Amino acid sequence: VISVTPKADVPPKPVRVLLAEDEVLARVMVTDVLRGEGFQVFEASNGQEGISILKAMPVDVVITDLRMRSVADGLELARYVRAHCPNVSLVLAAAHAPPITEDLLFDAFFIKPYPPEDIASWIRRRHTSTPDHADSGLA
Amino acid sequence: MNSLPDTSKPARVETVLVLDDDVLVRMPICQYLRDCGYRVLEAANADEGAIILQKPDIHIDVVLSDIDMPGKMNGFGFAQWARIVRPGLDIVLAGTPERAAHAAGDLCEQGPMLMKPYDHQIVLDHIKRLLAARTRQAGS
């Protein structure tokens with residue numbers, strides 16, 4: 001007789017996502033979907049707020065717009081992520097592609113208007129597969 | 001005869017709109033309210049709050065707003081404008097992080113889901129830690 005001991009039913013830790021987006025209605029739409037998918041989502045209305053959040057707590061994924069009205073835009077936030085948060089997945093969600101010199105900063109790129117469900121699927125694939133998925137190796 | 005409350009209908013998730021230009025205050029307040037069972041929308045200033053309130057399909061039950069915000073409207077101005085646009089809207093103004101934390105705690109105490117006991121001190125301590133960390137980083 002083979003007895004199988006079931007694994008302890010520990011709920012998985014939610015994936016922590018930072019969304020930096022200066023269009024508030026886009027932020028509401030995307031965060032609603034991501035929270036509905038079970039992610040813990042932090043909101044930044046510009047790149048500077050995003051950097052403040054990253055200094056205060058760890059996250060697994062950063063989604064950022066490119067052009068934002070503030071001292072720090074999406075590129076500055078992306079550079080901060082690559083310099084200080086090497087294991088964080090970095091997603092660009094913008095109306096335009098990044099400058100060719102900067103596109104290697106990002107692990108994925110979604111063009112506006114994108115279905116938020118697509119980003120949720122990407123995060124789920126990226127953060128529920130192999131253990132070494134988190135580091136893009138692009139830092 | 002005792003009458004029991006009708007628990008057959010699921011409670012509607014109430015929505016709170018939080019306005020605060022300081023992300024390190026706004027974030028823990030919003031997280032605390034979400035943990036209490038609210039749907040929470042975040043606005044970094046009065047302009048963002050106005051964009052949300054101008055969308056009639058976005059239901060808002062309560063506004064919790066900082067008073068001192070940069071831009072065309074501070075919290076008082078926003079509250080006056082919001083009462084014209086949405087008469088009957090509950091608006092709570094908070095002038096300091098301490099008052100915002102108290103207000104969030106009050107909302108959690110009155111809230112529909114009561115997933116956490118009333119303890120505004122938790123969120124207040126969190127805000128203070130975040131702000132202190134930022135001050136240290138700015139000074140280093």
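The legends below describe close-up views of a predicted model. Local features need pLDDT of at least 70 and side-chain atom pairs count only at pLDDT 80 or more, whereas totals for chains, interfaces and linings use all residues. Residues are numbered from 1 along each chain as its sequence is written, and side-chain values use heavy atoms, with hydrogens and water left out.

**View 1. The largest nonpolar core, around A:Leu18.** This core (buried Ala, Val, Leu, Ile, Met, Phe, Trp, Tyr and Cys residues joined through side-chain atoms within 4.5 Å; buried means under 20% relative accessible area, with a 1.4 Å probe and protein chains only) has 29 residues, and A:Leu18, A:Ile53, A:Leu54, A:Val62 and A:Val81 have the most contacts inside it. Its largest share, five residues, comes from α3(A) (helices are DSSP runs of H or I with at least four residues, strands runs of E with at least two, numbered from the N terminus).

**View 2. The salt bridge between A:Asp60 and A:Arg16.** The closest N and O atoms of this pair (a salt bridge being a side-chain nitrogen of Lys or Arg within 4 Å of a carboxyl oxygen of Asp or Glu) are 3.3 Å apart. A:Asp60, in the loop between α2 and β3 of chain A, and A:Arg16, in strand β1 of chain A, are 44 residues apart, and both residues are buried.

**View 3. A:Arg27 and A:Glu43 in a salt bridge.** A:Arg27 lies in helix α1 of chain A and A:Glu43 in strand β2 of chain A, so the pair ties together parts that are 16 residues apart in sequence. A:Arg27 counts as buried at 0% relative accessibility, and both residues belong to a network of salt bridges that also links residues including B:Arg26 and B:Glu42.

Key:
Chains are lettered from A and ligands numbered from 1 in the order in which they are written. Buried means under 20% relative accessible area, exposed over 50%, partly exposed in between (1.4 Å probe, protein chains only).
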